[in-house]
Amino acid sequence: MSISSKLDILNPAQREAVCAPAGNLLVLAGAGSGKTRVLVHRIAWLVAEQGVSPLQILAVTFTNKAAAEMRSRLELLLGRRSHGMWVGTFHGLSHKLMRLHWAECGLQENFQVIDSDDQYQLIRRIFKEQNLNEDRWDPRQAQGFINRKKDEGLRAAQLSHPGDIYEETMAQIYRRYEEYCQQNVLVDFAELLLGSHELLSKNAELALHYQTRFKHSLVDEFQDTNTIQYQWLKQLTNSAESMTVVGDDDQSIYGWRGAKIENIHRFQKDYQNTSVVRLEQNYRSTSTILKAANALIMNNDGRMGKTLWTEGEAGEPINVYCAFSEEDEALYVVRQAKKWLEQGGVFSELAVLYRSNAQSRVLEEALVRAGIPYVIYGGLRFFERAEIKDALSYLRLMVNCHDNMAFERIVNVPPRGIGDKTFEKIKVLASQQELSLWDATLVALKDKMLTSRAAISLEAFMALIIRLREISEQGSLADSVEAAVQESGLIQYFRDQFNERALTRAENLEELINASSDFASDLTEEWAEALGPTTPLLAFLSHACLEAGDRRSGDEQSSVQLMTLHSAKGLEFPSVFICGLEEGLFPHHSAKDSLTALEEERRLCYVGITRAMKELHLCYAEKRRLFGREEMRRPSKFLEEVPAHLIKDVSSRVKTSRAYPYYDDWSTSTAAEIATKELQNGYYLGQRVVHAKFGEGTVLDFEGQGERARIHVHFDGAGSKWLVLELAKLESA
DNA sequence: TTTTAGACCATTTTT
DNA sequence: TGGTCTAAAA
C-alpha cells in the first residue's frame, strides 16, 4: 500500500510533521491548520511507509468525538480497520488498562465507573455520615479538592497539613471517600488515570510490557493535559521511538480545570531533542478574520509564538454591533440570520457563541419569536438524566448487589413503601456490622427487625434484583435492560403520571432499551479490543459513564447553533456571532484581578474568532439586565484589541435614540401575533377568568396537551391552583 | 409522598 | 431575574 500519493495534498509544514523521522516531535498547530489531518497522516505514514505495526501505536485524545474521528479517518486512509491500535481518550484507555489488569489494581472484575454526579452524591453522603455542616463545608469544594489532588497524583495518605483545619478536614473526607470507593468497587474519572498510573508504577514488568509495545505515541490537544495525564503518558512512552504531541498554547482554555500549558514547555525538556514544527497556514478563515485573531492574541505574554495566514481572500470586514440592550443584540442576530437565509444560506451555518449559558435565554426567546429553528448545546446529556441513572442503578445492582450507591438510589424508586425509617435502620446495621446494605437487609429480615410492611417490600425488592440478575445471565444485554426498566415498575411509574415531564421520562427509558440494543449490535466485535475482556452489561455501564451522549438539544436539521465559547472549540462555521463582548461578562469579572485568568479569557476569545470561516459578528450591549438589575455596560477590551481597519460598525442607530426603532424587524411579529403564540387552549397568560367554585383569577401557566392539559390559575379568593383544563370549565372574566 | 414557598446565588466542562 | 435546592406544608 502506498501512502505517498496521499501526502501530496499536504503543505510543506504538514508534510514535515507527518514525515518527521522517529524522535520527539512537538507540532504547534494553529486553529484550522489541519492538525487532525497531520495526526492521522502521521499514523498512516508510520504504518504504511515505515512498516510500523498498528500494535505499536498509541494515540490519545481528550474527547470521544476526537477519538472517533481519528479512528474513522484512519480507516479511510489506510483502507482497513486499525486492529490492535490503541486509539482513545485518556480516560477510555485508562479504563481499558484497568479492565485488563483489575486484579493488579486491587479491584474486582465487576468494578464500576461513576460519573461526577455520582461522585458528588457520594461525597454528600459522607458529609451526612460524618456530621459535617454543609453550611461550613461545601461538598462541591470537597469534590474539587479530591479531584484536584488525584489530578496531581496524590492520595489522601500523602496529604498532611497539621494545624490547617481546612486541609485537614478535606483530607479526612478524601480518606473516607477512598475507603467507600474501595468497599463498593467504584472508580471515578480521576481514579481511572491515577489508578492506571499506579498500576504501572507498581508493576515494573507490566510497565515494561507496555513501554516496549508502544513504540510510537501521538497525543492530541496537548495543551490541555494535566499533571497526572502528563505522568501517565511519560510512563507509557518511556522507551518510545517516536512521540508526537500536537497542541496550541493559544487555544488553552481549560486552565481552570487543571490543564497545564506548561506541559508544552516541559515536554521539550523531558523529551530530549524535540523538534518543533509550526502549522500556521490556515484553511478555514478569511485573512481579515485571521488578522483580527492574530492581533488579539499578540496581547498575551509567554506564547510559543505563531502567526496564522491564509492564501485565501480578505473577505468581508468584521461586523461590530453595539446593541441598545440584550434584546436588541438578540434581534441583530435574528435579522442577520434572516438575511443569511435570503442570500441562499442555511441556518446550520450560523453559530451564536457566548461566554456563559445564562446568555442563551434572551437569544432563544428572540429566535422563537422570529420562528427561526435553533439547536442549543448544554444541559443534561442522555445518560445523566435522573430516570436513566435510576435504571442504570438497577443494572449496577444486577452486576454487584453490594453496590451501596445503587442500592440506596433505587431501594424506594419507584416508591414501594420503604421509607426513611426503615432505610435508616438498615444503614445503622450495615455500619455497625460492616456489611453492605444488601447483606444488612438480609440480616434485618432474618432477625425480624423491621415492620412487616417494610419487610415484605424489601423481600420483594431483593427478589426482583435476583430475578433480574438471572435474566441478565441468560438473555442478551437488551433483555437485561428491558427487564430492569419494566420489571422494576420504573417505566410504569412514569406512565401513570399525567404530565409531560413524566411522559418524556418514560420515553427516555424506552430509548435506553434501544440504546442498549444498538450498543450490543454495533460494538460486539469491538468490545474485546476496546475494553478488554468484560461482559456486555459491564461494558454498557462503563460506556454510559464514559460517553454520556450528546449535549445538544433540539432536533431541527437546519438550525442555528447556540453554544458557549468553550463548547465551540474544535468546530467551525461559515458565520459566527460572538455575543456579550462587555467588560465583566467577557472577559468575565472573575478574571479581573489575575493576569493569567485574563489571558485565558483572551485565548477563549481567540478560539471564538477563529471558528469563523467567512463572516464574523462581534456584539455587545450598552445596557443589560443582570441578576434582575439593569446595568450600563462597557465594551470589552478585546474589541479594542481588534485593529479598527478590519472592523465595520454596523450599529443601526445614533447614540441618543431609543428602543423603538430597533423593533423594525418585529413587523412580522406584531404584538397581536406574540399574544397569539402565547395563547394556549384558548387561554393566554395573564388572562382574567372565572371558575364556578373558586371565583375570579389570573392565568399563570399551562402544562400538557389535549386531555392532559392543565392550567395554573391564581384565584383572588382561593389562592393558586392547577386545574385540569377540560374539567375546570373556566370562563373569561 | 408530593407540592409549594422561600432562600440562595449566579463562569466555562470532558471524562 | 430565574433556576436550583431545601424545608415545610398539604
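View 1. Gln112 has its place in strand β4, which covers residues 112-113; helices (H or I, at least four residues) and strands (E, at least two) are DSSP runs numbered from the N terminus. In this predicted model, local features need pLDDT of at least 70 and side-chain atom pairs count only at pLDDT 80 or more, while totals for chains, interfaces and linings use all residues. Residues are numbered from 1 along each chain as its sequence is written, chains are lettered from A and ligands numbered from 1 in the order in which they are written, and side-chain values use heavy atoms, with hydrogens and water left out. Gln112 is buried, because its relative accessible area is 3% (buried means under 20%, exposed over 50% and partly exposed in between, with a 1.4 Å probe and protein chains only). The side chain of Gln112 reaches the backbone oxygen of Arg396 at 3.4 Å; a polar contact is a pair of N or O atoms within 3.5 Å, where within protein one must be able to donate a hydrogen and the other to accept it, and residues adjacent in sequence count only if both atoms are side-chain atoms.

**View 2. The surface near DNA strand B.** DNA strand B is surrounded by 27 residues, and the closest are Asn64, Ser116, Arg355, Asn357 and Thr564 (a residue is near a molecule or strand if one of its heavy atoms lies within 4 Å of it). Of the atoms of DNA strand B that come within 4 Å of the protein, sugar and phosphate account for 51%. Phosphate oxygens of DNA strand B lie 2.7 Å from an N or O atom in the side chain of Thr564, 2.9 Å from one in the side chain of Arg381, and 3.3 Å from a polar side-chain atom of Tyr493. Both α25 (565-568) and β22 (719-724) supply at least two residues of this surface. The surface near DNA strand B has 8 nonpolar, 14 polar and 5 charged residues, where Ala, Val, Leu, Ile, Met, Phe, Trp, Tyr, Cys and Pro count as nonpolar, Asp, Glu, Lys and Arg as charged, and the others, Gly among them, as polar.

**View 3. The residues around DNA strand C.** Arg124, Arg361, Arg625, Phe627 and Gly628 are the residues around DNA strand C, and by class they divide into 1 nonpolar, 1 polar and 3 charged. A phosphate oxygen of DNA strand C lies 2.3 Å from a polar side-chain atom of Arg124, and a phosphate oxygen is 3.2 Å from an N or O atom in the side chain of Arg361.

**View 4. Aromatic rings around Phe267 and Tyr271.** Phe267 and Tyr271 are both buried, and together with Phe222 and Tyr230 they form one aromatic cluster. Rings of Phe, Tyr and Trp (its six-membered ring) pair if their centres lie within 6.5 Å, and planes under 30 degrees apart count as stacked, over 60 as edge-to-face and the rest as tilted. A search of the whole structure finds 21 aromatic pairs. One of them is the stacked pair of Phe267 and Tyr271, with 4.6 Å centre to centre and 25° between the planes.
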